[in-house]
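Hi,

Here is the structure I said I would pass on.

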Amino acid sequence: MSIRHGLLALLEHGPRYGSRLRTEFEARTAGTWPLNIGQVYTTLGRLERDGMVVQDGEDQAGRVLYALTEAGRAELRSWFARPVQRAAPPRDELAIKLVLAVGAPGVDVRKVVEAQRRHVAQALHEYVRQRAQALARGPGHPDELARLLVLEQLICHTEAEIRWLDHCEARLLRLRTETPAP
């Protein structure tokens, strides 16, 4: 996730101070991608350096407000218009774990798969529960709709992981029956 572009998108709604941007970002993403306040201020500093935001006075509590510049709006429009690149696959710790477990002495890969499946099934249950709560409230507000979209993305990814684990288990079973005993 581009923190840079996330902050620009939030500043499109008007001037904000750093901790408010952090709170709004986390609310919009359903708390899935927590931000360190240091990341927020470092990113704001870079955006200011690059001419995408400017300091726009202070609020009543003396906190520095940041506002979007025209260059920041142009960058935001460009970001929304570009597809997210899939050139390099992301490093997936589970995939790495399973490929390293294959052939590792004393590791039963099926048990690794089973443990992961149990964990993922629990996560799926929680995401579905949260989605049901969000739907019961109704996605009338943009923040609620954003939360619902994030939860549905998490559900889809979790379901895909379960399917992949099922595939891995089936592959392991086929290899076991096809490989002659020593």
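Before the helix pair, a word on terms: axes are lines fitted to C-alpha atoms, for helices over the stretch in contact, and angles run from 0 to 180 degrees between N-to-C directions. Helices (H or I, at least four residues) and strands (E, at least two) are DSSP runs, numbered from the N terminus. Keep in mind that this is a predicted model, where local features need pLDDT of at least 70 and side-chain atom pairs count only at pLDDT 80 or more, while totals for chains, interfaces and linings use all residues. Residues are numbered from 1 along each chain as its sequence is written, and side-chain values use heavy atoms, with hydrogens and water left out.

First, the helix pair. Helix α5 (residues 93-101) packs on helix α6 (residues 109-137) at an angle of about 160 degrees, and their axes are 9 Å apart. α5 and α6 are therefore roughly antiparallel (angles under 35 degrees count as roughly parallel, over 145 as roughly antiparallel, 65 to 115 as roughly perpendicular and the rest as oblique). On the α5 side, Leu 94, Lys 97, Leu 98 and Ala 101 meet Val 109, Val 112, Val 113 and Gln 116 of α6, contact meaning heavy atoms within 4.5 Å. Sorted by class, the contact of α5 with α6 has six nonpolar, one polar and one charged residues (Ala, Val, Leu, Ile, Met, Phe, Trp, Tyr, Cys and Pro count as nonpolar, Asp, Glu, Lys and Arg as charged, and the others, Gly among them, as polar).

Helix α1 is mostly covered, with seven of its nine residues buried (buried means under 20% relative accessible area, exposed over 50%, partly exposed in between, with a 1.4 Å probe and protein chains only). The buried residues are Ile 3, His 5, Gly 6, Leu 7, Leu 8, Leu 10 and Leu 11. They pack against α2, α3, β1 (53-58), β2 (64-68) and α4 (70-81). His 5, in helix α1 (residues 3-11), has a relative accessible area of 8%. Leaving aside residues up to four places away in sequence, His 5 touches Glu 75, Leu 76, Trp 79 and Arg 82.

Arg 46, from helix α3 (residues 37-49), is partly exposed at 46% relative accessibility. Arg 46 and Arg 4 are 42 residues apart in sequence but 8.7 Å apart in space, C-alpha to C-alpha.

Then the salt bridges. The count comes to 12, taking a salt bridge as a side-chain nitrogen of Lys or Arg within 4 Å of a carboxyl oxygen of Asp or Glu. Here are some of the pairs:

- Glu 26 and Arg 22 are bridged at 3.6 Å, N to O. They sit four residues apart in helix α2 (residues 18-28), so about one helical turn separates them. Arg 22 is partly exposed at 32% relative accessibility.
- Asp 59 and Arg 63 are bridged at 2.7 Å, N to O. Asp 59 is buried at 19% relative accessibility, whereas Arg 63 is partly exposed at 35%.
- Arg 77 and Glu 70 are bridged at 3.5 Å, N to O, and Arg 77 is partly exposed, with a relative accessible area of 48%.

Salt bridges with shared partners also join Arg 4, Arg 49 and Asp 50 into one network.

Cheers
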